[in-house]
Amino acid sequence: MSSLLISSAYAQTAAGGPGAGGTEMLLQFAPMVLILVVFYFLMIRPQQKRAKEHRALLAAVRRGDTVVTNAGIIGKVAKVQEGEILLEVAEGVRIRILKSTVAEVRTKGQPVADDEKSA
């Protein structure tokens, strides 16, 4: 007779009400949603902001600017093309770099006149 009481006790605790399943499921996913929201504000949003600032920096690079590349090369911009920059790293030494490899603009220079230097 005691086994009959035990099995009915399991049946009562395991079943729950018809509306209890939805609330439990919502409470189960709440920490996951909270983690995603925190992850968005701490990781994704700042990264998007930095990428937007870098795109604006690249769009503003002009001839005569002193720039630093991701590799640490410092030089003066001699010519800006579609996706490349001609960078003068020493007197008469120019290298072509990808525009996306510019890490920062050190000084904004005045554009060099066309008749002073040929680019």
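Buried means under 20% relative accessible area, exposed means over 50%, and partly exposed lies in between. I start with that cut-off because my first look-up, tyrosine 40, has a relative accessible area of 34% and so is partly exposed. I also note that I am reading a predicted model.

**Entry 1: aromatic rings**

I searched the whole structure for aromatic pairs and found 1. Its rings belong to tyrosine 40 and phenylalanine 41, with centres 5.2 Å apart. How do the two planes sit? They stand at 80 degrees, so I wrote the pair down as edge-to-face. I kept both values because a pair of aromatic rings is described by the distance of the centres and the angle of the planes. Then I checked the surface. Phenylalanine 41 has a relative accessible area of 48%, and I listed it as partly exposed.

**Entry 2: salt bridges**

Next I looked for charged partners. Side chains of opposite charge can pair when their charged atoms come close. How many salt bridges are there? I counted 3.

I took glutamate 84 and arginine 96 to begin with. Their side chains meet in a salt bridge, at 3.4 Å from N to O. Where do the partners lie? Glutamate 84 is in strand S3, residues 84-90, and arginine 96 is in strand S4, residues 93-98. The pair therefore ties together parts that are 12 residues apart in sequence. Glutamate 84 is partly exposed at 22%, and arginine 96 is exposed at 61%.

I moved on to arginine 94 and glutamate 88. They form a salt bridge, and the closest N and O atoms are 3.8 Å apart. Is glutamate 88 buried or exposed? Glutamate 88 counts as buried, with 14% relative accessibility. Arginine 94 is partly exposed at 31%.

I then checked glutamate 104 and arginine 106. This salt bridge spans 3.9 Å, N to O. Both ends fall in the middle class: glutamate 104 is partly exposed at 38%, and arginine 106 is partly exposed at 49%.

**Entry 3: threonine 69**

I wanted a residue away from the charged pairs. I picked threonine 69, which sits in strand S1, residues 66-69. Its relative accessible area is 5%, so I marked threonine 69 as buried. Which residues does threonine 69 touch, if I leave out those up to four places away in sequence? I noted Leu87, Ile97, Thr101, Val102 and Ala103.

Terms used. Residues are numbered from 1 along each chain as its sequence is written. This is a predicted model: local features need pLDDT of at least 70, side-chain atom pairs count only at pLDDT 80 or more; totals for chains, interfaces and linings use all residues. Side-chain values use heavy atoms; hydrogens and water are left out. A salt bridge is a side-chain nitrogen of Lys or Arg within 4 Å of a carboxyl oxygen of Asp or Glu. Helices (H or I, at least four residues) and strands (E, at least two) are DSSP runs, numbered from the N terminus. Buried means under 20% relative accessible area, exposed over 50%, partly exposed in between (1.4 Å probe, protein chains only). Contact means heavy atoms within 4.5 Å. Rings of Phe, Tyr and Trp (its six-membered ring) pair if their centres lie within 6.5 Å; planes under 30 degrees apart count as stacked, over 60 as edge-to-face and the rest as tilted.
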